[in-house]
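Work through the exercises below with the coordinates open. Each task is followed by a stepwise solution.

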Amino acid sequence: MPFVQRDSSGKVIAMFADAGPDHPEHLPAGHPDLAPLAGPDEFTRLDADLIRVIEDVVDVLIQRGLLRLTDLPADAQRKLLTRKGARARLQQGLNLLGPDDVI
């Protein structure tokens, strides 16, 4: 159940897990004032965006030799490889030109 910060017009502009000096008001989950901030669709989109960022960070760490894929637990390795394969197939599926085609 979040604590909220409101702007001068009373609109909720941020949510926090704990109370603070600028966000002392507690609202129950599902309160109508929270709907514009973070509905289920918004969290789904944010989660998908964050997953992509994490994948990219792991790729950079591997490329720089700071992490090996085998350093990760087997389940994490499998999930990363599965997503990487799905992304590669999606990108190939969107490639409308062959390797020798020129625009």
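The exercises cover salt bridges, a sheet and a surface patch in this predicted model.

**Exercise 1.** Determine which residue forms a salt bridge with R83, and classify both partners by accessibility.

Solution. 
1. The partner of R83 is E55, with the closest N and O atoms 3.0 Å apart.
2. R83 belongs to helix 2 (residues 74–94) and E55 to helix 1, so the pair ties together parts that are 28 residues apart in sequence.
3. The relative accessibility of R83 is 38%, which counts as partly exposed.
4. E55 has 5% and counts as buried, because the cut-off for buried is under 20% relative accessible area.

**Exercise 2.** Explain how R52 and D56 are placed relative to each other in helix 1.

Solution. 
1. Their side chains meet in a salt bridge at 3.5 Å, N to O.
2. R52 and D56 are four residues apart in helix 1, so about one helical turn separates them.
3. R52 is partly exposed at 39% relative accessible area, and D56 is partly exposed at 32%.

**Exercise 3.** Give the strand order of the open sheet and identify its edge strands.

Solution. 
1. The three strands run in the order 2-1-3, with antiparallel pairing.
2. Strand 2 (12–16) and strand 3 (25–26) are the edge strands, each pairing on one side only.
3. Strand 1 (residues 3–6) pairs with strand 2 over four bridges; F3 has F16 as its bridge partner in strand 2.

**Exercise 4.** List the residues of the nonpolar surface patch.

Solution. 
1. The patch consists of L50, V53, I54, V57, L61 and L66, together about 530 Å² of accessible area.
2. L50 lies in helix 1 (residues 40–63) and is partly exposed at 48%.

Methods
Residues numbered from 1 in each chain as written. Predicted model: local features only at pLDDT ≥ 70, side-chain atom pairs only at ≥ 80, totals over all residues. Heavy atoms only, no water. Patch = residues over 30% accessible without salt bridge, like charges linked within 9 Å, V, L, I, M, F, W, Y side chains within 5 Å. Areas by Shrake-Rupley, 256 points an atom, 1.4 Å probe, with all protein chains shown as cover. Salt bridge = Lys/Arg side-chain N within 4 Å of Asp/Glu carboxyl O. Helix = DSSP H or I, 4+ residues; strand = E, 2+ residues; numbered from the N terminus. Buried < 20%, exposed > 50% of the residue type's maximum accessible area, 1.4 Å probe, protein only. Pairing = 2+ DSSP bridges.
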